[in-house]
Amino acid sequence: MTETQIFEPDARAIPYAVEGNGPTVVLIAGRDLAIDYLGTLAHLLAEEDFRVLRIASSGTWSQTLDVHGLASGVIDVMDAVGVTDAWLGGHAFGGSIARAVALDHHDRVNGVLLLGVESGDLTLAEGLPVLVIQGSADDITPPANGEALQASAPDRVSLVSIDGGGHMFVSENVGATSWAIEDYLDWD
């Protein structure tokens with residue numbers, strides 16, 4: 001696995017890790033979760049010729065920022081590691097940040113990967129494709145949230161359900177999650 005590094009712009013310590021070569025997929029961790037739980041998923045994607053950048057959504061760097069401030073932090077890390085554009089993805093709250101990056105920095109985002117969808121605002125960046133992957137038994141970001149998002153933009157939002165997957169399906173059902181991303185992006 002790739003070691004976690006710390007990026008420190010403006011005295012903010014943003015944990016991140018990068019591995020692989022190819023088109024970039026950014027994975028933003030859920031609230032209060034270290035990026036390590038996304039490591040196996042990142043490794044599997046890197047083996048399929050993706051460059052994967054994992055970024056923490058929480059920590060001392062994020063305490064005073066709203067989702068749009070966190071989105072700017074993601075762009076700062078992308079700039080620091082030389083990523084000009086990417087598929088932006090996130091787990092739960094990390095997905096909300098990915099959506100904010102797509103809204104605020106549309107030109108840097110090729111599409112959005114939502115690994116569980118938080119309830120609330122259904123706003124999506126115009127013209128970008130969205131893949132929602134969700135656990136069918138997720139009680140924190142329930143499947144109804146992803147279904148509502150798909151209903152709001154059926155021409156752009158695709159939905160994959162991980163049968164029996166709970167909230168941590170991204171690490172507990174990593175093979176199915178990786179396959180859904182690889183299949184959708186069709187990079188093989």
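Asp49 is partly exposed, with a relative accessible area of 49%; buried denotes under 20% relative accessible area, exposed over 50%, and partly exposed the range in between (1.4 Å probe, protein chains only). Asp49 is placed in the loop between helix H1 (39-47) and strand E4 (51-55), where helices (H or I, at least four residues) and strands (E, at least two) are DSSP runs numbered from the N terminus. The phi angle of Asp49 is near 70°, a positive value in a residue other than glycine. The structure is a predicted model, in which local features need pLDDT of at least 70, side-chain atom pairs count only at pLDDT 80 or more, and totals for chains, interfaces and linings use all residues. Residues are numbered from 1 along each chain as its sequence is written, and side-chain values use heavy atoms, with hydrogens and water left out.

A positive phi, about 55°, is also found at Ala92, although Ala92 is not a glycine. Ala92 belongs to the loop between strand E5 (86-91) and H3. Its relative accessible area is 8%, so Ala92 is classed as buried.

Strand E5 contains Trp87 and Leu88. Leu88 is buried, with a relative accessible area of 0%. Contact is defined as heavy atoms within 4.5 Å. When neighbours within four places in sequence are left aside, Leu88 is in contact with Val26, Ile28, Val74, Met78, Ala98, Val101, Val109, Gly111, Val112 and Leu113. One of these partners, Val26, is 62 residues from Leu88 in sequence, yet the two C-alpha atoms are 4.9 Å apart in space.

Trp87 counts as buried, at 16% relative accessibility. With neighbours within four places in sequence again set aside, the contacts of Trp87 are Thr24, Val25, Val26, Asn110, Gly111, Val112, Leu113, Pro129, Tyr184 and Leu185. A distance of 9.5 Å separates the C-alpha atoms of Trp87 and Val130, which are 43 residues apart along the chain.

A further buried residue is Gln134, with a relative accessible area of 2%. Gln134 is part of strand E7 (residues 130-135). A polar atom of the Gln134 side chain lies 3.4 Å from the backbone oxygen of Pro143. This distance may be read against the definition of a polar contact: a pair of N or O atoms within 3.5 Å, where within protein one must be able to donate a hydrogen and the other to accept it, and residues adjacent in sequence count only if both atoms are side-chain atoms. Not counting residues up to four places away in sequence, Gln134 touches Gly116, Pro143, Gly146, Glu147, Leu159, Val160, Ser161, Ile162 and Phe169.

The structure was also examined for salt bridges, each defined as a side-chain nitrogen of Lys or Arg within 4 Å of a carboxyl oxygen of Asp or Glu. By this rule the count is 1 salt bridge. The pair consists of Asp79 and Arg108, whose closest N and O atoms are 2.8 Å apart. Asp79 is partly exposed, with a relative accessible area of 45%, whereas Arg108 is buried, at 14%.

Grid points are joined across faces, edges and corners, and a volume is the space filled by probe spheres set on the points. The largest pocket holds about 170 Å³ of space. Its lining consists of Val67, His68, Phe93, Ser96, Arg99, Ala100, Leu103, Glu118, Ser119, Asp121 and Thr123. The elements that contribute two or more residues to this lining are H2 and H3, and the largest share, 5 residues, comes from H3. The lining comprises 4 nonpolar, 4 polar and 3 charged residues; Ala, Val, Leu, Ile, Met, Phe, Trp, Tyr, Cys and Pro count as nonpolar, Asp, Glu, Lys and Arg as charged, and the others, Gly among them, as polar.

A search of the whole structure finds 1 cavity of 30 Å³ or more. The largest cavity contains about 30 Å³ of space and is lined by Arg99, Ala102, Val112, Leu124, Ala125, Leu128, Val130 and Arg156. This lining has 6 nonpolar, no polar and 2 charged residues.

Conventions. 1 Å grid on protein atoms, 1.4 Å probe; cavity = no way out; pocket = protein on both sides within 12 Å on 5 of 7 lines; lining within 4 Å.
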